[in-house]
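Subject: Structure handover

Hello,

Here is the structure I promised to pass on. Please open it first, then read my notes below.

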Amino acid sequence: MSDSQSPPGLLPGFISSLISPLPRAPMEEILSRLIRSLIARRPDLMARLGDTAEVPIAVVPDDLPHAFRLSLDRYNPRVRIVDKEQARDASAIIRAPFLVLLGLLDGTFDGDAVFFSRSLRIEGRMDHVLALRNTLEEADLTPAEFAGLTGTAADLANRFAGRALDMARYMAGARELDPQDPGSAR
């Protein structure tokens, strides 16, 4: 993480209000299919995870109404969207504002820096969280690769995702928009 980038704040409350009533099952199915597809394309990720692939890990965004319970089981990887209280039975729990979690995934933020700034909190088995972190860091995934896109579609998806993330960070007060390019933040 560069010195000029500080972890973003919380998403505005209206975003959580919009997400809360949405049905969970379709989103769970989409996320689970994306995970299965990624694992099929990148079996090296599962090999690197080792035993961590067999344990549930909960990701709890501070500013969203639900948590994500990841099960990367080799035979049935899936994502469940659960109430935050249901995340407690996971082997490891990762808590942070949603944009911090995305920034960790896309490499915008350094995991150690956000951990020591207390923007990121970890409960339970630290070894599982470190295995997941190291795997994701080494994988260097882009939004397009996560979705299985290549070529022009990948370029468009990565640009769109970058601009959407920059706009979300702007809304959370983390950065200023560049007046020359309203889709990117500096």
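The largest nonpolar core holds 21 residues, and M46, L49, I57, L72, I94 and L132 have the most contacts inside it. Such a core is a set of buried Ala, Val, Leu, Ile, Met, Phe, Trp, Tyr and Cys residues joined through side-chain atoms within 4.5 Å. Buried means under 20% relative accessible area (1.4 Å probe, protein chains only).

Two or more residues come from each of helix 2 (24-41), helix 3 (43-49), strand 1 (57-61), strand 4 (92-96), helix 4 (98-106) and helix 6 (126-139). Strand 4 gives the most, with 3 residues. Helices (H or I, at least four residues) and strands (E, at least two) are DSSP runs, numbered from the N terminus.

This is a predicted model: local features need pLDDT of at least 70, side-chain atom pairs count only at pLDDT 80 or more, and totals for chains, interfaces and linings use all residues. Residues are numbered from 1 along each chain as its sequence is written, and side-chain values use heavy atoms, without hydrogens or water.

Now strand 1. Of its 5 residues, 5 are buried. I57, V59 and P61 lie on one side, A58 and V60 on the other. In a regular strand, side chains alternate between the two faces of the sheet.

Its partners (strands pair if DSSP finds at least two bridges between them):

- Strand 2 (residues 66-71) runs antiparallel to strand 1, with 3 bridges. The two form a hairpin with 4 residues between them. I57 stands opposite L70.
- Strand 4 runs parallel to strand 1, with 5 bridges. V60 has R95 as its bridge partner there.

Best wishes

How values were computed:
Buried means under 20% relative accessible area, exposed over 50%, partly exposed in between (1.4 Å probe, protein chains only).
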